[in-house]
Amino acid sequence: MRILGVDYGTKRIGLAIGEIEVKMAFAKKVIPSTGNPRKDAQNVARYCKEEECDSIVIGLPVFARGEEGEQARITREFGEELRKMGFTVEYWNERYTSLAAEDKLAHLKPKRRKEVADSEAARIMLMDYMSSLEQA
């Protein structure tokens with residue numbers, strides 16, 4: 001079973017693919033965000049179909065105290081557009097994944113790090129999600 005992990009942002013969308021059977025996730029490409037959840041969902045849906053993913057896990061930006069802000073609302077709107085297209089969508093707390101990605105990519109030059117950080121954040125989030133499936 002293949003899962004698409006998405007780190008949705010208003011500038012960039014990081015993508016990762018997880019393989020449930022081997023419990024591994026791989027950072028893929030970053031696509032530019034249009035800032036329009038419907039158009040962005042169409043672009044991600046196309047990629048999801050090309051990669052033959054069975055479901056989508058979207059990182060949900062949650063504040064440290066657990067509440068959701070404006071970016072979480074926009075992210076849920078993006079996810080609902082994907083649901084309307086027939087995709088199975090789940091949300092996963094992405095708190096600290098961007099920081100973890102930055103740490104992991106610290107050896108890269110700043111420009112390159114910026115190019116791949118969102119997909120690495122999606123990979124980390126997807127690994128956390130898949131780890132939770134083992135515990136269930």
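At 40% relative accessibility, M24 counts as partly exposed, a class that lies between buried (under 20% relative accessible area) and exposed (over 50%), judged with a 1.4 Å probe and with protein chains only. This residue belongs to strand β3, which covers residues 24-32; strands (E, at least two residues) and helices (H or I, at least four residues) are DSSP runs, numbered from the N terminus. Together with V22 and F26, M24 makes a nonpolar surface patch of about 270 Å². Patches are made of residues with over 30% relative accessible area and no salt bridge, where nonpolar side chains (Val, Leu, Ile, Met, Phe, Trp, Tyr) are joined within 5 Å and like charges within 9 Å. Accessible areas come from the Shrake-Rupley method with a 1.4 Å probe, and for residues only the protein chains shown count as cover.

The model is a predicted one, in which local features need pLDDT of at least 70 and side-chain atom pairs count only at pLDDT 80 or more, while totals for chains, interfaces and linings use all residues. Residues are numbered from 1 along each chain as its sequence is written, and side-chain values use heavy atoms, with hydrogens and water left out.

The protein chain has four helices and five strands, and from the N terminus on its elements follow one another as β-β-β-α-β-α-β-α-α. Of its 136 residues, 46% count as buried. The accessible surface of the protein chain comes to about 7500 Å², and 50% of this belongs to carbon and sulfur atoms. Among the contacts (heavy atoms within 4.5 Å) with a separation of 6 or more, 62% are accounted for by residues 24 or more positions apart.

Five strands form an open sheet with mixed pairing, in the order β3-β2-β1-β4-β5; two strands pair if DSSP finds at least two bridges between them. Strands β3 and β5 (89-93) stand at the edges with a single partner strand each, so one side of each is left without a neighbour in the sheet. Neighbouring strands of this sheet are turned by 25° against each other on average, direction ignored. Helix α1 (residues 37-50) packs on the sheet, where it touches β1 (2-8), β2 (12-19), β3 and β4, and its direction makes about 150° with that of β1. Helix α2 (residues 70-84), in turn, lies across β1, β4 and β5 and runs at about 170° to β4. Here axes are lines fitted to C-alpha atoms, for helices over the stretch in contact, and angles run from 0 to 180 degrees between N-to-C directions.

Strand β4 (residues 55-60) runs parallel to β5, to which five bridges join it; in this pairing V57 stands opposite E90, and L60 stands opposite N93. Strands β1 and β4 also pair in the parallel sense, over four bridges, with V6 opposite I58. Six of the six residues of β4 are buried, and both faces of the strand are covered, with S55, V57 and G59 on one side and I56, I58 and L60 on the other. By contrast, K84, which is found in helix α2, is exposed, with a relative accessible area of 63%. The C-alpha atoms of K84 and A41 are separated by 9.9 Å, although these residues are 43 residues apart along the chain.

The structure holds 10 salt bridges, a salt bridge being a side-chain nitrogen of Lys or Arg within 4 Å of a carboxyl oxygen of Asp or Glu. In one of them R2 is joined to E51, with the closest N and O atoms 2.9 Å apart. This pair links distant parts of the chain, given that R2 lies in strand β1 and E51 in the loop between α1 and β4, 49 residues apart. R2 is partly exposed, with a relative accessible area of 23%, and E51 is partly exposed with a value of 23%. A further salt bridge joins D118 to R12, the closest N and O atoms being 2.6 Å apart. D118 lies in helix α4 (residues 110-135) and R12 in strand β2, so the pair ties together parts that are 106 residues apart in sequence. D118 counts as buried at 14% relative accessibility, whereas R12 is partly exposed at 29%.

Within helix α4, E120 and R123 lie three residues apart, about one turn of the helix, and their side chains meet in a salt bridge (2.7 Å, N to O). Both E120 and R123 are buried. Salt bridges that share partners also join R2, E19 and E51 into one network.
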